[in-house]
Structures are given as C-alpha cells and as structure tokens.
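Hi,

Here is the structure I promised to pass on to you. Have a look at it first, and my notes follow below.

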Amino acid sequence: MTRHTEDDGDAGDANGTTETSGGRDTGGCGCGEPAPGVPEAGRDEQPSIFVPDEGEVPEADAIGARGSGSVDSGGAAGDPAAERAATDGGVESASSGSATGGTDSTELDPDAYDPVDVFPGGDLDLREGADSCYKCTSCDTSCPVAEVDDEFPGPKFQGPEQWRLKRKDDHDIDESITSCSNCMRCDDACPSSVPLSQMHNEARGQFVERQMEKLSVEYIRNRILANYHTSASLASMFPRTASFAMNFGPARWAMEKVMGIPKERDFPEFATETFREWWKARGGAKVENPDKRVAYFHGCYSNYNTPEVGKAMVRVYEHFGYEVMVPPQKCSGTPMFANGMLKDARRHAETNVENLVEAIGEGADVVASCTSCSMSLRQEYPELFDLHGIDDLAEHTFEALEYLRIHEDLEGELDAAGGLDDEREFAYHAPCHARNQGLSRQAVETFRDVDGVTMEDVGDSCSGISGTYGWKEEKYEKSMEIGAEMFEHMEDADGEVGMTECPTCAMQMEHGTGYEIEHPLQLLEQTLGA
Amino acid sequence: MDRQVDVVVVGGGSTGCGVVRDLARRGLDTVLVEKGNLTHGTTGRMHGLLHSGGRYAVSDQKSAEECIEENRVLRDIAAHCVEETGGLFVKRPEDSEEYFQEKLEGCRACDIPVEVIDGEEARRREPYLARDVEKAIALPDGAVDPFRLCVSNAADAREHGARIETHAPVTDVLVEDGEVVGVEIEHETGPGKRVHREPGTTEEIRARHVVNATGAWAGNVGEMAGVDVEVRPSKGVMTVMNTRQVDTVINRCRPKGDADIVVPHETACILGTTDEEVDDPEDYPEEDWEVDLMIETLSELVPALEDARTLRSFWGVRPLYEPPGTGTEDPTDITRDYFLLDHGDRDDLPGMTTIVGGKLTTYRMMAESISDHVCDTLGHEATCDTADAPLPGSESEARMAELMDEFGLRSPVARRSGQRLGSRADDVLDEYDPNPIVCNCESVTRAEVQDAIGEAGSDLNAVRLRTRASMGNCQGGFCTHRIAAELAEEYPEPVVRDAEDELYQERWKGQRHALWGEQLSQAMLNHLLHATTMNRDGDPANLDEEVDFGAFDDGTESPDAGGTAGEAGTAATDGGRASDDAAADGGRASDDAAADGGRANDDAAADGRRASDDATTDGGR
C-alpha cells in the first residue's frame, strides 16, 4: 500500500506540517453525549465501522478522508466542533442533516483509538478480539455447519485464529469463510465474549470485496439472494405470475443449472397485496397515542410474502393501545451480511437508520417481527457501521413479542381473553438469532397457560437454512442434514402446525415437514381476539 | 573418540552459530558445542529487533553504522528470518525536541535512511499510537526471528561439514603446556540428536583453536582455562503480548530509559526492556515490577497495551563487557560494541579467543572478524562469503499460491508456513499427506513439526523454536500433547512423556508472569485440561507400580444402570416452566445471563427428568 506523506526532506518543515484534512472533517454534528451502545456485553468493547472501499478513489483523496477519520488529535479534545472524529472515513452520513435526537457512537475519550486503517480500505482491525479466546472450542462444537461439513474449519478458525494470524500487509482471508451460514450460534456459545460473528462478518466482507471473482456465477447468485428486497419488490408487481414462474419446473431446472439455486426448494409465494399496500389502503394507524408509539420494522418477508404477520402485529399492538408507525425502510441487511455484501448492507442501513432514528425522535421504540431483523439492528449494525444514531437505534430496537412481554401484562390479557375454543397444537422452533437475543423461550412461555393452546419446543437445533445458506445448490444437502434433527422433532411433536419467528426457518420447516407454519404474532392475534 | 579438529566453537547463540557457519564455509573442520538448545542463552531471549542503527545514532555511531550495514545484509541473506516492518522513533510532548533533532542528525550521519513524519501520519501508519504523539522519525528497523536465524546458520554449517552438538555443556577447557588444546564436554543424552532418557557420555574434543562465544557465560569458560574475562551481565525483561497492536517497530525517542520499545514479532508484540546488572547470568530475580513497568510505560506510546492480553514474560542477560579499568557505573552506559580477546596476547594462553559484547543485528560481522582472526592464527587462507550467500530457506521466496493449492493448506496456514520455511516449504510440506494442523494458534502443521523433530530429536523445546508450535495464546495448553504425539512413532512412550512434560513446564515458566485477566483464565483452563481431563497429575501410566485395574468400578453393580433408558431420546418436549426467566429485556447487556439461563432451561426441558435422574445416579454428570 502506498504511503502518502508530507514533504519529509526537511526537519524544519516537518515541524510545522499538518495534514490538509480539516476541510473534510464534516461527518457529523458533534452534538450530544456519547450513547452507551447496545450490545453492552464484553464484545461491544470492540470497535465498529465498515467503510466501503471505493476502489476508484484516488489514493491521496482516500487518505485525506481517512486521515481525518482516524486521527482526532489530542489537541482538539477541547474543541467541540472537532470532537467527533469522522469515523465514516469521510463518507457522508445519510443522517447528518437529521433533526432528530440521535447521538454518535464515537467515544470522545482522547486516548480512544480508531481501528480503521490498519488494513487497507478502512477495514476493521479485529485482531484485538482474539485476546478473549481461550481456544476452548465451545464455538466449534456449537456450529451446525461444522457438524455436517468436514471441510469447514469452524468458527474458532474463522474468527479469533484467523484474525490473530493477520498482519497489516498480509491479510487475505481463507475461502472457507463463505461456508459460514451466519447463524451466530458461536456468539451464544462463547463463554468469553469473543466477537465471533463480527469477525466473521468483517472477514467475509473482505473476502467478497477483494478475493471473489465479481463475474462468477457464485457472486452473482449470492448478490441476488442477498438482495432479496430488490427481487421481491419486482416480483410483487406481478405476484401471481412471479409465484408461478419462480416455481415453474423447467425454470427451476434452469435456475439450478445456471445459478446454483437448488430445484428442490419452493420459492415462497408472493402476496397479492403487500403489507405496505394494505397499510396504505387501510389509511395507516387506527390508534393515535403520543405516549405509546412503536415504529414497525416489518422487513422484506412480512411485506412481500406474509403480510398476515404484519397485519397481526398491527392489530395486536393497536389492541394494547399503541400507535403504530410504519416508516420507510429497506432490507435489514441480514442476507447481505451472510453473503459478505457489506456495501449493499450499508446502503440499506443508511435508509433504515435515518428513518428509524427519526421515529425514535418522535418517541417510538422500534419493533420487528423477524428475529433476524431485530438481531441485525441491535447487534450487527453497531458492530459493523458507524452511522449517526446507530447506537440509539440498537438500544431502542425490540422483537415484537419481547416488547409486549416487557411493557404489557400479556399473561393477564391472555387469561382474560379466555383462550381458544378449538384446541390448537404447535411445534415451535426457536430461530438461532432469537436464541442470541435471549428470546428462545418467549413463545412457549407466552402461550403455556393459554387454554386450548399446546406448544412444544422442538429443541435447540438449527433449522439449517440460515437465511440464504440453504438456498445455494452446493449447500442444500448440508442444510437439510443440519435440519434433520428439527424435522424429526417436529414429526415427534403432537402439533401439526409449525411456529417460529423467522421467515427462512419457516421455509425450512415447511420444506422438511410439509406443515403450515405460523408466526407467534398470528396466534397472539387469535388468542387475544385482537 | 579423541580426534583433532581445527576449531571448537563454544556457545550456540547467534555469534557461535555465525562463527561456525563462517569457518565451515571457509573449509575448516569445526565443531559447535552448546550446553542447551541453540539460542538457549541470550540469543533466544531478546526482543527480535533488527536494528536499523537508529537506536545508537546518538550515543554510539560506530555501532549504528555497523547496524545499518548488517541490516541490509540480513534482509538479503536471511529473508525468511526477517520481517521488514519498518520502525518509528516517536516523540511525545514531554520528550526533548533537542534530542529528536540529535537523533535525526545522527541517523543521517550514519547513512540511515530517515523520514520525519508528523503525528497524524504516524497514526495513519499505526492507528493505535497515542493521540498525543507529536511526530516521529521513520527508519528501516525490522523484526528478526533469532531462533530461525541461528538454526539456519547451524544448518548451513552442517551442510559444509561442521558438527553441531547441543545439550553438550563444556565441563573443562583442556590446557596443555600453557596452551589451550580443546574442551571436554558432557553429552547429556549421548552425542547427536537429543533423545530423552539416553545415557550421558563425556567426550574430549581436541582442537587447534577454541572460540569462546558464550556471551554472558564467557567468564565461566574463561575460568576453566584459568583466565579472567570480566563480563558484566545485565538483565532485561521482555513481555509478550497476544496480538500485534502495531505492525511497525515503535521506539521512544529519548536518550535512554527502560521500557522504550515495542517490536511486532510474528503473531505477537514484544515489549522491552530493562537494563540491570546481575551477578550471575544463571540466577537472578525475575520481578513483577519489571513487567508492570513495561506495560505502564509503553502504554504511553500505545494506550491499547494497557488492557491487552499478555501471554508471558521472559528475561535475558546481555553479555556486556568493558575493558578492565573502564569502571562504568550504569550498565546502560556500557558500550554495545564487541570485543575480541585473544588470550595468547592478553593472558599468554594461546589457543583460545573469546568474543564478548555485541548484538544480534551485527552477529555476522562479528563472526567474520573472529573467523578472520582464527584463520590468521591457524594460517588458513580463505575468504569470507557469508555476506552474500543466502542461508538455507532464504534462497528464494516460498510460493504461497502453490502451497495452498498443492498442499491444500488454508490461506493463513500457507502464509505462516511459507514465511517460516521460506524456500524449504515445498520440501518440508511434501512429506505429509494428510497434513493436519498440530498447533492451531500459530498454524503449524504436522509436516513442519516432523521436520523439526528430524533435526532436534525428542527435544520439543527445540521443535518449538523451529516451528513456533505452542507459542500462541494457549501457550501449549491445547497442543503440547499433540506435538508430543508426533514423537510417538519414532520414540518409546517414556521418552514422549518426558518430552511432553518438559515442553509444558517451559510454557508454564513464562506464563507465571502473566497471570491476570485472560491469560489467567487460559492457564486455569490449561491446568484443568491437563490435570483432570488428561489426568496428567495422577496418570497411572506414570506410576512405577502396576495398575490395579480391579480397583476401578466397572459399573456392573450400579443399581440404576439403564433404569431410565426407555425414556431417553424424546427431546421434543415442552418444559415451559415457571422458573424460565429468559424473558426479554432486550439488548445484549443481559444476553449472557439470559442466554445461559435459557440454555440451561432448554437442556433441562429437553430431557425432562434430569433433575430426578441426578438424584438417583449420584450426580453422575
């Protein structure tokens, strides 16, 4: 990597030299207290920030930008205008003009360092995270992919080991990172707060950005899978045609051959009316309440494929007197992280953070019905990006059922509602990402005392689909092998209807058992009579 | 086996290895004897800095000039031992501007290429540098692996006919008719490769000349010959960090002082050092305050060090020497120059030359000058080529892409193997298929370990020095047994066990000085793994008497055996107990607790009756 330095020929000169970077120091407003971030466990000591590596930016320019980002010199500590280091590396933050109350994540401690720049292109330096690893291998034993894939070296290698072996000018990433499904069970398994998924996300991003052939079928296929938001929004224009065409035999055969998308899988049906169309037609919120507001992050799937989940959310929340806001939003980024498409994820994050932070400014908390979406907003966003207000967003984000369990007397309400007349039995699977948020038991606990509802937890195995992982032809068999335990337990359970919070887990459950799958919010709607 | 050779070199550090290589290449019949491993004394206990000379540019310009000259030579002939990290002399606000200028002028005077950069640029290059660093001088410091360097010198010497004997302490210097005629050594486990439990032997090696290259121990060897060599050994501590906080050598730009350098070394950073005279190079106190001082003081340059994980600390003794009568009080003021003492001229005892002082960076130059002297004395005409001939491993660069494809290594593993083995990589890795990783922390494969065993016998510490196996963050906890297992094909079980214990103990030794925070947890986990899982503190196989297998419970009498087997395997159960408190209060703050709670309950739920089972099966989990 070329070094750009000021004239170094003369000591006298160098004495008075300053980098000409002041003009670019405009990344943030510099207002507000540093907000305590979410997550708050040991791993959040890890620095965050992914900066898109704009290959075309002239070197000097890029360095100027980075120079201003990485160096907040001690002398400027007392100067409020200079206090916020432009850790975006000078990339203009979408929310810098926002009038709402977000704060910035950069610590103002003059001793604070900024890990951007250790590796070229502003990548994160996570070598330090390796300090927490004792090599105990709990992560490897919890990894569903390592269990079925002998070629996959496991999360310990992908995370702390690989990072510890890195050097500044010596940083390529092993290809095996692409076999990680990003289920994040290793995060949960680690007794020592190693930021495993952050390490994996960053490494995968670096691999895809630098080492993956951009014209390869694999890259294009992954890009399409990762950008489900885009394809789904196209498909939704002609939902019936799309649902038919996408699952049309010859088309599927061609897709597998050309794109590596396994023909065994059925594409989800597209709703004839998306959630947002319904919301608009309905005239928006039916309840207005400045004291109880939530901003609903429906995600792509509830919008395009299962609007009934979104509708259930709205009805349930309105039942409890909440004013529901539905701000403009894009993909939460989960499939993009899993495919190393950090630039795409960041672009979408800019929109999401801006709009959701605005809603927070209006008194709302953010509620998601998909556990991967809430996981992303809570953990991956602050770990990977440094956008204005991103820590506030993380702190104010909840899963839909979780939020009600915190703020409402759900038990009492359900009791009063009296249960269901017709007995219903469910086989419940807790998604890995729910597990990581401590939510793996919430559905079972919520409904265990409701008359007429029987819900069985089918155990703590991974469904195996992990978002886009199971949608790759070369991973399909492994995906089904991972899911086998769950399928077996579902068959074993009394219920003939599956239940889970995660849309892709639902696809896998349906694919493996043929059961109908519901979301807990739908059952809540039914049991509350909302 | 008394025969006469041309030269015996005593001491397998950088100087001794350099001398034996040089003399062997000049065609002399040479033997190197070393009481421990190669690098056992001082060489293996340094911070691995390849000096640019900047450090001596003010106080000792002659040394500085030698350093930059040899720095260039080593990048060339020992490329696989050197990492060209570059170095910075950084100035903090309280450091003297005058000295900064002096340093700069000194470097220029010594022909050391320098570049002055401001604080921002310095932090751009090394983001973890303190924010109040004002400016820095950039110069070509580097990192050198002293083990690999010595081993390569010794290997080259052997290729040129020299004999290398490690674990062979000198027990006497043979003096006949007022002349040194050789040494008596004790082979701790017999001549050749070290193999535990082989009986020791002694040997007299008669030589036309003896070179005493034992550094801080030179006085002891001198004493055996009846001459005084006044070495003033001075100890210094070095602290090893788990990761690289910096990728450049960071020096503090001030006159002199303790704790003023951070050297990125392989996967770690080494903090150095102190300078305190000791009486005995074998026996001196290793004190905690020295380690604390390293971390505290160097945190002024790199704040992240304060909270970073420390793996271990070690001490080394410098072989400082000054001519009798100089009487310098402070060891930091003693010159770093080297001295060649011809005992014929000096003490009227021909046949022996002692070399003291000096530093690793200039080892080759010192070796050349001693070899010139020895050749003069012996009347041997030959020219020195050590500045041009690459060391084994540095003939060409390892071809990384091929290592990955041909040998199926994952990229970080291929990179590390390639860097350690250099041009030998192909030959070494070709030997084993499959070639699993033996040491995960440092990515060392079976092939590399076996290659080192081929050279070092059952001496696993010598294997460690050659490969770095067990030098990562678990400090051998997860790999000493795997490395030892690599011996099992060739050596009997008791040898393997001894070798394993020795390596494990050596790893423990350095960790004693890092028992806080993460490394304390690591040490505890290692201990439990070895003491309980492997039962190494009470392994019946280590007992002298026969094992009474009848004393063990074979389980047949257990009243509950199989009692609940019929219910096993129905994992799909509800559970849903009131005690479940994995409720949702959001955020990762509570995650650990919540997730753990959730997990524990899941487990309980998953098999339903565990609580009652436990009661009847004696808590058998």
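**Where two domains of chain B meet**

In chain B, 12 residues of domain 2 are in contact with 11 residues of domain 3, contact meaning that the C-beta atoms, placed from the backbone, lie within 7 Å. On the domain 2 side of chain B, the elements giving two or more residues are helix H7 (288-298) and strand S18 (310-321); these are DSSP runs numbered from the N terminus, with helices (H or I) of at least four residues and strands (E) of at least two. S18(B) gives the most to that side, with 5 residues. By class, that side has 3 nonpolar, 4 polar and 5 charged residues (Ala, Val, Leu, Ile, Met, Phe, Trp, Tyr, Cys and Pro count as nonpolar, Asp, Glu, Lys and Arg as charged, the others, Gly among them, as polar).

This is a predicted model: local features need pLDDT of at least 70 and side-chain atom pairs 80 or more, while totals for chains, interfaces and linings use all residues. Residues are numbered from 1 along each chain as its sequence is written, and chains are lettered from A and ligands numbered from 1 in the order in which they are written.

The domain assignment of chain B gives domain 1 (4-42 + 146-230 + 337-378), domain 2 (81-142 + 232-321) and domain 3 (454-540); the bounds come from an automatic or database assignment. Taken over C-alpha atoms, the centres of domains 2 and 3 of chain B are 30 Å apart.

As for confidence, chain B has a mean pLDDT of 87, with 89% of its residues at 70 or more (pLDDT is the predictor's confidence in each residue, from 0 to 100). Over residues 561-621 of chain B the pLDDT is below 50. Where pLDDT is low, the predicted coordinates should not be read in detail. The model scores ipTM 0.83 and pTM 0.82.

Best wishes
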